[in-house]
Amino acid sequence: MTKEVNSKIGVWLLFTLIISNYVVDLEASHHVYKRLTQSTNIKSPSVNQPYRTGFHFQPPKNWMNDPNGPMIYKGIYHLFYQWNPKGAVWGNIVWAHSTSTDLINWDPHPAAIFPSEPFDINGCWSGSATILPDGKPVILYTGIDPKNQQVQNIAEPKNLSDPYLVEWTKSPLNPLMAPDAVNGINASSFRDPTTAWLGHDKKWRVIIGSKIHRRGLAITYTSKDLLKWEKSTEPLHYDDGSGMWECPDFFPVTRFGSKGVETSSFGEPNEVLKHVLKVSLDDTKHDYYTLGTYDRVGDKFVPDKGFKMDSSAPRYDYGKYYASKTFYDSAKNRRILWGWTNESSSVEDDVEKGWSGIQTIPRKIWLDRSGKQLIQWPVRELERLRMKQVNLRNKVLNSRSRLEVYGVTAAQADVEVLFKVRNLEKADVIEPSWTDPQLICSKMNMSVKSGLGPFGLMVLASKNLEEYTSVYFRIFKARQNSNKYVVVMCSDQSRSSLEEDNDKTTYGAFVDINPRQPLSLRALIDHSVVESFGGRGRACITSRVYPKLAIGK
Amino acid sequence: MKMVVVMMIMMVMAMVSEANMIEQTCKETPDFNLCVSLLDSDPRGSSADTSGLALILVDKIKGLATKTLKEINTLYKKRPELKQALDECSRRYNTILKADVPEAIEAISKGVPKFGEDGVIDAGVEAAVCEGDFKGKSPLTSLTKSMQKVSNVARAIVRMLL
C-alpha cells in the first residue's frame, strides 16, 4: 500500500498540494441474534436506521460500553462487552459475547457473564481475560455485591472443547478481592482488573483501578494460583490529582519493530522491552498512556522522562474514545487495541433508534521508532472488505479549492490521502500560548486560513454543503526563522448535522510528523462515525456525526 | 441545667454542621440558592453524604419531569395548535423519566458516577430541545428553564463523586 508521490510540478499559488488517494467501499457483518435470553420491554427500535454502522462492531440493539476480555483462543477471536439487555442507556449491565475469525465479521452468543451470585448480583462490570501457560483462558471481572460494593471475581469456561466458549462458570471462592476495613480500599472505587502477568517468582500479578480522594492508583495484587490473592503494600503506580483510574491496562512492547509481545513476556534474549501503562480518567473521560520501564523487583512502573500518568499524557485517540483495552494476538504476533466510542446524540435519539455505543475498528498498536509514542493502525483484515476502488492521482489543490470524489458510497468508505505540501516557509508561526490542539481547531474553523491550511477531507457532506464533517491538517512554523514545524490535525463536527441536539465538539491533535514528507490522512467513514488517522497512525481522532441530509446514497 | 445546656449546644452544633454540608456542597454548584432550597426542603438532605445529595437532586429531576408531563397533557386541550411540539416534548420528558433518571440512580448508588453525570446532563438537553421546538412561543418556558437549572446543579454535585 505504499503511495508514490510524483514530483511533477504544476502552477503554484500560495500553497499547493498534490494528492494521490483512493477511496473504497466496504461492509462487515454482525449477524442478528435471533434467540433473546430474556424478553425486553423496551420500545421497538425505529425501522429507519441511517446511523447504524456497516463495518464497526456493535450489538444488534441496546446500550454497549466498555470492551471486555478481548482474547484469542483456538484461532477464534472473542470480544465481550458491557451490555444493557433492557435499554439504550447504561444499566442492568452484563457481559455480552461475540466471536470472529477475522476481527471484522462477528457472530453473537448468549451473554457469558450476568448477575447470578451475591458477588455479582448487582452488576457484572468490566474486566480482562488472562491466557494461562497451558492455553486455557480465565476472566477476572468486577462484580457488584448486595451492598453495592465493588469486588473482583474469576470465571472460567465451562467447556473447553466448545471453541466458542459460550458458557462460563464462576468460582465458589468469589469474591477473590474485596474492600474491607483492613485494606482500606474505597468500596465504590475498586474496579476493572487487567490481564494478569507472571513474575520471575512465578507469581501472578494483576492491577485494579482505584482512587484515594484525588489520587488515582493501580492497586497490585499477587497470587500463585489466580484464586488466593494478596494485596501488595504499594500500588504499581499512582498520581495525585488525576482522580479515579478506570480501565487500567499494563503491557510490554518491543522497543523496535511492530510485533506484539505476550503480556507476561520478559522479551527475547536480545530484545529490549518497554512497558505501557494506560488509564481511563473519570474526570476527563479520555484514555491516556505513558511509556516507561517495569521494575520487576519493586513491582513498580517507572515512567520515562517527560511522561506523567495524568491528563497531560498522550492519548490513544483525541476524539470520542474511552475504556480501551489491548490484548496479545498470539496467532498473528501483534497487540491489538479495542476502544469504546459512545454516541454524540441525545438520549431520546438513542432510545428512538434503539441502540447506543460502538467499538472503534480494532487497531494494531506498537512503539514508534522514536520511542516517544505509540502508533495505531486499523487491522489489515479490514482491507478485505474493500470492494470498489476509486483512485485519484496527482491532483493539484490550490487555495480554497475543492475536489469532489465520485463513484463511492459516501457513507461507507475507507479513504487514504497523501498530501505533498510546497512553500512550507510561508507557514505562519504558531502562537506560543497555543498548546492545546483542540482549542486551536475549535477557534479556527475551516474558513480561517492560518498556518498552511486547512487542507484535508470533507466527509458525509450534503449536496450543497449544508452539512459536512471535515478532517484536516494545518501546518505552523514552531518559531520565527525556524525550520521546525508543528502539524495540527482537526476533526470538525460543528457543521456535521442540521440536528441541534448533537454534541458537535471539535477535536484536535498534534501530529508528530515532518511536513517535508507527504502527510498521510486515512478516514474510515461509516454512517455515523468518522475514524481518522493522521501521519499513518501517529494521531487518531474518532468522532460521531448524525447528518440529516448526508445519509444513504 | 448544665446537662441541658450542653445537650442543646451539641444539638445546635450538629444542626449547624449538617447545614454546612449542604452549604459547602452547594457553594461548588452554579446556583447556590437553588441548590440549597432543593436540598434543605428534602428531609433526607440533613443527613446525606455527597452521594445522597446527588440522589436527592436526581429525585427533583424526576419530580420536575413528572410535573412537566402533566402540564404537557393539559396543554393538548388548551393549545391544540401546538400538538407537534407537545408530542416532541412528551417524548423528551418521557426519556428523562424512563432512561435518564433510572440510569443516574443506578450509577450513583453503585459508584460509577460518570453514567450518573450523563443522565443528569441529558435531562437538561432534553428540556432545551423541547423548549426550542416551540420556536420562541413556548408555554413551558418556566418549566424547561427550571429543568436546565436543576440539571446544572445536579451535574456539579455528581462531578464531586468522580
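1. The side chains of A:K353 and A:E343 form a salt bridge with an N to O distance of 2.7 Å; a salt bridge is here a side-chain nitrogen of Lys or Arg within 4 Å of a carboxyl oxygen of Asp or Glu. The pair connects distant parts of the chain, 10 residues apart: A:K353 belongs to helix α1 (residues 347–353) of chain A, and A:E343 to the loop between β21 (334–341) and α1 of chain A. Helices (H or I, at least four residues) and strands (E, at least two) are DSSP runs, numbered from the N terminus. A:K353 counts as buried because its relative accessibility is 8%, and A:E343 counts as buried at 6%. Buried denotes under 20% relative accessible area, exposed over 50%, and partly exposed in between (1.4 Å probe, protein chains only).

2. This is a predicted model, in which local features need pLDDT of at least 70 and side-chain atom pairs count only at pLDDT 80 or more, while totals for chains, interfaces and linings use all residues. Residues are numbered from 1 along each chain as its sequence is written, chains are lettered from A and ligands numbered from 1 in the order in which they are written, and side-chain values use heavy atoms, with hydrogens and water left out.

3. Over all chains, the count comes to 46 salt bridges. One of them joins the side chains of A:E246 and A:R191 at 2.8 Å, N to O. Because A:E246 lies in strand β16 (residues 245–254) of chain A and A:R191 in strand β10 (residues 190–191) of chain A, the pair ties together parts that are 55 residues apart in sequence. Both A:E246 and A:R191 are buried.

4. A network of salt bridges links A:E348, A:D349, A:D501, B:E88, B:R91, B:R92 and B:E126.

5. A:R363 is located in strand β24 (residues 363–367) of chain A and counts as buried, with 0% relative accessibility. Its side chain makes polar contacts with the side chains of A:Q376 (2.7 Å) and A:E531 (3.0 Å). A polar contact is a pair of N or O atoms within 3.5 Å; within protein, one must be able to donate a hydrogen and the other to accept it, and residues adjacent in sequence count only if both atoms are side-chain atoms.

6. Strand β4 (residues 94–100) of chain A has 7 of its 7 residues buried, so the strand is largely enclosed by the rest of the structure. Strand β3 (residues 76–83) of chain A pairs with β4(A) in the antiparallel sense over 7 bridges; two strands pair if DSSP finds at least two bridges between them.
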